[in-house]
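Welcome! Have a look at the structure shown here, and then let us walk through some of its features together.

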Amino acid sequence: MSTITQDSPAAHDDHHDDHHHGAPKGIMRWILTTNHKDIGTLYLWFSFIMFLTGGAMAMVIRAELFQPGLQLIEPNFFNQMTTVHGLVMVFGAVMPAFTGLANWLIPMMIGAPDMALPRMNNWSFWILPFAFTILLSSLFMEGGGPNFGWTFYAPLSTTYSPDSTALFVFAIHIMGMSSIMGAINVIVTIVNMRAPGMTWMKLPLFVWTWLITAFLLIAVMPVLAGTVTMVLTDKYFGTAFFDAAGGGDPVMFQHIFWFFGHPEVYIMILPSFGIISAIVPAFSRKPLFGYASMVYATASIAVLSFLVWAHHMFTTGMPVFAELFFMYCTMLIAVPTGVKVFNWVATMWRGSISFETPMLFAVAFIILFTIGGFSGLMLAITPADFQYHDTYFVVAHFHYVLVTGAIFSIMAAAYYWLPKWTGNMYSETLGRWHFWCSVISVNVLFFPMHFLGLAGMPRRIPDYAIQFADVNQIVSIGGFAFGLSQFIFLAVVIKCIRGGEKAPAKPWEGAEGLEWTLPSPAPYHSFTTPPEVK
Amino acid sequence: MDQAQSKSNRKLIGMLLLGAVGMFGFGFALVPLYDVLCDTLGINGKTQSTASVYKPVTVDKNRTVTVEFVSQVQSDLPWEFKPEVNTMQVHPGELIRTHFVAKNLSAKQVVGQAIPSVSPGQAAAYFNKTECFCFNQQVLAAAASADLPLIFYVDPDLPDSISTLTLSYTLYNITDKGYVVEQGAAR
């Protein structure tokens, strides 16, 4: 990336203007806000609340699995916990956190005064709390909430689902609308509002990865909306999309769902790649190795993500040629992903590295996400998948890519940009405590799951055979420790907002990008005069 | 925001919205697309849903194919449903007549629909039914029983790698479903 400069008078003016156009006071500031920084903050807090909510459900699951047999909860409630834990974490925690980061950072990174569509931005956030209120309220209804897994396979979600399924469907509709509006906003902002001189190949990688993610969102969220609509009409209005008795096909559900579902997993990891590509160079004090190859690798992953959906369904009785096609396409994704991991390592190579909390999370991301990638490759091998399918090996795999992948990158981003957001440095000591507690407990939590899966423990079952008891106890202890560790993060953030050492405009020596040319905290209105990018 | 930018914003939003709406439609287009693909590629074990006409072909007396019959009843259907014979040896091209026995165990009239599936899936295209109870809904009065006929032949072009065919019928209760199963739908 080229050097980016900004003439200081503009920055001075911005800061000066701030006194006249600061944030309004009171609760209405947050309800009516069209400011990208306010909306970013709302998204991030919402995401954290959902992270704790989904986490509490994970604690219920791990408490029940602490011992074999049924101790604490009914199997049906266990199923609701696994289902809603997945839905809340995917649609409530990870995706809104990325949208929050996009809101905060993209305008500052490309030198724009705000997002392109500020009023739509307000809507796309404020419909989310309603969606999750609907979803979570269904847990308290007669017959319970969704209990068919977050993948809501038919006929579990049609013939055998609880009466509250319509609420699940509407909640997904609203979440989908929110995501699509957010994606449109991101694309229009990046395409039309870049500062003069901010050419495509000068865009920070976080902006690039989000642009590609936004296109994925627009391509697949409507397909998810269609799928839940078919579930709705099958269950309540007598259609037979997925009912064989009426000429439909339950296997077709899985094809349509995973046509959405596989690009969805890249929606949850591509922005992470952008975050790591910002943090690793900053703390290695070297420019990113292979910028252009990073852009092309991200784009190829996005294209390939549409050609691999059926690797989730190897055991449905597909013909051999289809199994081979999806197996090889899936393995092909390891190539661009490998390019990325190589570039991060090459960026660190002979850099003068320091290990502040964001870098600790970034390095942990690279190692642990790669482990998740490798277990993904194992699952991609069709004959091996027949053994791994629906076991804890799968659970271990996707938690490595989503928790130590997506969530670790979000934590890294929070630590990296907190000084810019709050104007104060966070407590490095507490940050390191948070990191080490998290990274140790998360491995105690998820690593033994690989062995449970290989030994044949099925997922989504509240009880298990006695030989799995010891390992499950270790896993549960890791789970409780990881859950508790996240309160350290909450403490760090609150402490940082309330005060602390004042942050300079650029608190990280090696950081690059327009956002560091703004004072800390970033003024309420920034770049009202576009900076000049050379 | 100046005029030119808001114009180009609106154009881009329009295109993106169109894309989103188009993808919503594409989700539904996947339904017929799926049936067409399964049909043309002969995958998924779906057999044809209308009676095929028996073309007198030379019966391949030198080759024997094992045909197995499997029946399943969904839990909400109070029927007993079994093949007359579980397995038979047939020569490709030979017209075979057999039947399944269904009995309504309840005290009410019940409508059932049998859905066939052939395994391995690639063999489905070579399994021809000239008459099958699965082409129609089956109505059984309270406590009534019926012999449900099936007449079929195996196409002599059946690949040599396949020596055993399994024909599975799952019987569904569609009494109050109001399904009108169109003739010609892939089944």
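Predicted model: local features only at pLDDT ≥ 70, side-chain atom pairs only at ≥ 80, totals over all residues.

A:R285 sits in the loop that links α9 (270-284) to α10 (291-304) of chain A. Although A:R285 is not a glycine, its phi is positive, at about 55 degrees. Most residues other than glycine have a negative phi.

A:R350 is another residue other than glycine with a positive phi, here near 60 degrees. You will find A:R350 in the loop between α12 (334-348) and α13 (357-380) of chain A. With 9 other C-beta atoms within 10 Å, A:R350 is exposed, since the limit for that class is 12 or fewer.

## Two cis peptide bonds

Most peptide bonds are trans. In chain A, however, the bond joining A:A154 and A:P155 is cis, with omega at about 5 degrees. A:P155 belongs to the loop between α5 (118-137) and α6 (165-192) of chain A.

B:P120 is placed in the loop between β5 and β6 (127-132) of chain B.

## The layout of chain B

What does chain B contain in the way of helices and strands? It has one helix and nine strands, and along the sequence they follow the pattern α-β-β-β-β-β-β-β-β-β. Chain B is more spread out than a compact globule, because its radius of gyration is 23 Å, well over the 16 Å that the globule rule gives for 187 residues. Along the principal axes, the C-alpha atoms of chain B fill a box of roughly 80 × 50 × 25 Å.

Chain B is divided into domain 1 (1-41) and domain 2 (65-173). The centres of these domains, taken over C-alpha atoms, are 42 Å apart. Of the 187 residues in chain B, 27% are buried. Among contacts in chain B between residues at least 6 apart in sequence, 79% join residues at least 24 apart.

## How strand β1 is paired

Which way do β1 and β3 of chain B run, parallel or antiparallel? Strand β1 (residues 65-73) and strand β3 (residues 87-90) run antiparallel, and four bridges join them. Within this pairing, B:E68 stands opposite B:T87 in β3(B).

β1(B) is also joined to β9(B), this time by eight bridges, and these strands run parallel. Here B:V70 has B:S168 of β9(B) as its bridge partner.

## Where the chains meet

How many residues does each chain bring to the contact? Chain B brings 31 residues and chain A brings 27 residues. On the side of chain B that touches chain A, the elements giving two or more residues are α1 (3-41), β5 (110-119) and β9 (164-173). Of these, α1(B) gives the most, with 17 residues. By type, the residues on this side of chain B divide into 19 nonpolar, ten polar and two charged.

Technical notes. Residues numbered from 1 in each chain as written. Chains lettered and ligands numbered in written order. Domains from an automatic or database assignment. Contact = placed C-beta atoms within 7 Å. Nonpolar A, V, L, I, M, F, W, Y, C, P; charged D, E, K, R; others polar. Pairing = 2+ DSSP bridges. Buried ≥ 20, exposed ≤ 12 C-beta atoms within 10 Å, placed from the backbone. Rg over C-alpha atoms; globule rule 2.2 N^0.38 Å.
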